[in-house]
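The exercises below concern contacts and strand pairing. Each task is followed by a worked solution.

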Amino acid sequence: MATKIVMAQLSPTMEEGKLVEWKVKEGDQVEAGDILAEVETDKANMDIEALHGGVIRALLVADGDVVAVGALIGVIADADEDISALLESAPQPSSAPAAEDAAPVQPEAPSEPVPSEPAPVEPAPAEPAPAEPAPAPTDAPTTNVQTPRTSERIKVSPVARRMAQAAGLDLAVMSGTGPGGRIIKGDVEAAIATGATPAAVATGTAADAARAMAPVGTPRLEDQRIELSMMRKAIAKRLVQSIGPIPHFFLTTEIDMERALDMRKSLNDRLSEGKVGVNDLLIKVVAEALTRHPEINASFEGDAIRRHGSVDIGIAVALPDGLITPVLRDADRKGLLQISVESADLVARGRIRRLTPEEYQGATFTISNLGMMDIDEFTAIINPPEAAILAIGQTVEKPVVEDGEVVVRRRMRVTMSCDHRVIDGAMGAAFLQTLRAMLENPLELVS
Amino acid sequence: MAVITYREALNRALREEMERDGSVFLIGEEVGEYDGAYKVSKGLLDTFGEWRVRDTPIAENGFAGLGVGAAMAGLRPVVEFMTWNFALLAYDAIVNSAAKLLFMSGGQFNIPIVFRGPGGAALQLSAQHSQVPDPWYANIPGIKVCVPATPADALGLLKSAIRDADPVVFIEGELLYNMKGEVPDGEHLVPIGLADIKRIGEDVTIVAHSRMVHVALAAAEKLASEYEVEAEVVDLRSLRPLDTDSVIASVRKTNRAVVVQEGWPVSGIGAQIVDDIQREAFDDLDAPVARVSGLDVPMHYARSIEKLIVPSVDHVVNAVKHVCYLD
């Protein structure tokens, strides 16, 4: 039975490999497990092993060639077996999603387009057993990790594929518990729960190295499994939905807060009761800036972009086991005092979980502030279907150059995460310019 | 909320609609003097008289055709078939006349008629009297098909059917007539073409209609207690129009589906629903959709064999275990 030698995916991030050197030549007899070639990946040089015994009938790439993962690079077969069908088949693209990009670097292997009749393209699946016997699951830790399932179609349920993609998991290194090794939803959930990432599925050498570096002495921490609260589940689900399908990009700017903070102080000095917080000021300014940039106050709807008719600001509030984002409705139409009263109420009730769904759903833009926790700047993950979220860092006194002089100023860094389907770079930057101008010159607010 | 039987709910629907609209009348075999073979029309003759509750000869195509003509002339006939098995003789009146006249008259004639009667297997009625007619009618553009599973839905759907401007095939569950359930007081209408979630669950969607809803619900309880699987039961209530949106929304949530129908598997309603699911929710599926159907044979008279032919709770439980990878 003829089997293909393909450029195996030897690391989770590998998209192509350089064939450093063939260790065999055409006509050689090989046994399963024999080393066929040395391959340079994006991480290290590794060996490709023979999956089956036989005669090396064809070597399709030369030493030094760079080949896409999954591409056919040679054939092992019986000495007199007809391998013309295998040789005619186009190089097999990898089933790893990223491999599509790698297509142009395929070597001089036959490059005609995939024939429309499926039969000659992939003779192997018709008789899957000899092509690559499914490794017994119990052997998994000890079998050769150099040969994950890349040349073969990975059996995976549609929803598992989607979830794995969203979580950044590499299906090629996962084992499936469904029929015929199908990777099912439960497998992906288990992989996510155990924190398995492509990096966590270490090669033997890396794992050995990690063990060698393990410190001595009594561990001060213990393994703990903490059941997900409903809230943590919801957070996980929504944020995975976000960072997966939403093309994020991030814009950071530093804002001089002198005048804004002065204004806040003089306002508070005149107030007999209540107090306007920095957050209230930010809500007000952001809301005002959004009315001037309605393209930011928007959502992606598949075949359209919706610009919202109201400015409803979500305020991210940390909780002991999660977070919640109460929504301050129509923030653009409310005064600072009203915003401060309403947000204090929303935040207080949010902390004790006394918000109704209407009070924490449907924001059009969210502000997340970690300044009080000494964070200088960070990137927040968009809460869909909103198109952007603004991450606020702490305001710190720092030296800045002004008119050629070094002076001390209170400065704050903000980073906006944008959904690129809705917001383009310049569009987002223009919004931040407006925001910055308003904070640096609060009179803008009334202009 | 009163608790009444499915039979009483149908009777109440007929009575309310006949009181509401003088153009509504009931014809069929033994609907008058005998109060109906299944007593659905009990007391209606006494109340409304023989002009509006009319016994017919044993001539299904004749009285079904009479109904179509009356509907063309502006009345709202309710035609009872003693069972849908007998309506095969009236198939021409239903399919070629009622379903086609609006179209073929260029929109001149609405046919506001209801054909109703029991369908499905009962107990040892053998091959000719145990058939599930659902797909024979759901296949036909120009008619609507209602298949209620509960007294409340039977009441609300029959009232909607009588008021509908188009022909409605109303298939009652023969084994459901004695089933009791809560029915809202006052006017209760259920829109045709809207499914109903009869049980909320997270792990698997069971789609069913008519008596199979109760099989699905019993299976769901067994799955919950024995396998910790929470099934969502979607009752289609109408087969045409079919509420695909509700089915898809549920499958998107659960990622797994089992479609249950009492009738034969080939070209059955379940095939249509599976097709909708695979097209609309492909990326949400964690397993191929499973179907549970009656066996592909004529119904046997022997009780022991009849039990094997009709889908049971265990059939549904096994199918759910399969799609949840528990078998």
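**Exercise 1.** How many residues of chain A are in contact with how many residues of chain B?

*Solution.* This is a predicted model, in which local features need pLDDT of at least 70, side-chain atom pairs count only at pLDDT 80 or more, and totals for chains, interfaces and linings use all residues. Residues are numbered from 1 along each chain as its sequence is written, while chains are lettered from A and ligands numbered from 1 in the order in which they are written.

Step 1. Two residues are in contact if their C-beta atoms, placed from the backbone, lie within 7 Å. Ten residues of chain A are in contact with eight of chain B.

Step 2. On the side of chain A that touches chain B, two or more residues come from each of α3 (158–167) and α4 (185–193) of chain A. The largest share, four residues, belongs to α3(A).

**Exercise 2.** Determine which strands pair with strand β2 (residues 24–28) of chain B.

*Solution.* Step 1. Strands (E, at least two residues) are DSSP runs, numbered from the N terminus; two strands pair if DSSP finds at least two bridges between them.

Step 2. β2(B) runs parallel to strand β4 (residues 76–80) of chain B, joined by five bridges. Gly28(B) has Glu80(B) as its bridge partner in β4(B).

Step 3. With strand β3 (residues 53–55) of chain B, β2(B) pairs in the parallel sense over three bridges. Here Leu26(B) stands opposite Val53(B).
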